Amino acid sequence: MSPGSLVAILHTVDQDKWQNHSYSVSPDTVFNIVGDRLETLMRLNYEKQNVYLVNITTTDSGNQMLTQGVVVSVLDVNDAPTGIVLPQGTAIPENTKVSG
């Protein structure tokens, strides 16, 4: 996922249905909240880290808060090859006939 990618749309369950809610996330080094959207701040790479534990806090218009731990799992996708490597010491003798 690239920076700014949507991870989730947040929704608060509140008995006071008429209240508005704001959100925050901690730690805020990998994810950011924009309105009700949990978004990435950086490119996520399954091979480097595949699970993130964050706390999301919702605050209603009466200034009542709830903080809940959330697990964000990164899915493994097929990555494109990044290079071709010849074994050390690969050599072709001079004047070798090339087919093709």
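**A walk through an all-strand chain**

Start at the N terminus and the elements of the protein run β-β-β-β-β-β. That makes six strands and zero helices; strands are DSSP runs of E with at least two residues, helices are runs of H or I with at least four, and both are numbered from the N terminus. Keep in mind that this is a predicted model, where local features need pLDDT of at least 70, side-chain atom pairs count only at pLDDT 80 or more, and totals for chains, interfaces and linings use all residues. Residues are numbered from 1 along each chain as its sequence is written, and side-chain values use heavy atoms, with hydrogens and water left out.

Now for the overall outline. The C-alpha trace spans about 85 × 25 × 15 Å along its principal axes. The radius of gyration, taken over C-alpha atoms, is 24 Å, while a compact globule of 100 residues would have one near 13 Å. (That globule rule is 2.2 Å times the number of residues to the power 0.38.)

How much of the protein is buried? Buried residues make up 23% of the 100 residues, where buried means under 20% relative accessible area, exposed means over 50%, and partly exposed is in between, using a 1.4 Å probe and protein chains only. I84 sits in the segment after β6 (65-73), and it counts as exposed because its relative accessibility is 84%.

Next, the pockets. Rolling a probe the size of a water molecule over the atoms shows where empty space is left. A pocket here is an open set of points on a 1 Å grid over the protein atoms alone, where a 1.4 Å probe fits, with protein on both sides within 12 Å along at least five of seven lines; lining residues have an atom within 4 Å of a point. The largest pocket has a volume of about 280 Å³. It is lined by 14 residues, and M1, L44, Y46, V74 and L75 are the closest to its centre.

The second largest pocket holds about 240 Å³ of space. Its lining also counts 14 residues, with L10, H11, I56, Q68 and V70 closest to the centre. Which strands each supply at least two residues of this lining? They are β1 (6-9), β5 (51-60) and β6, and β6 gives the largest share, five residues.

Conventions:
Grid points are joined across faces, edges and corners, and a volume is the space filled by probe spheres set on the points.
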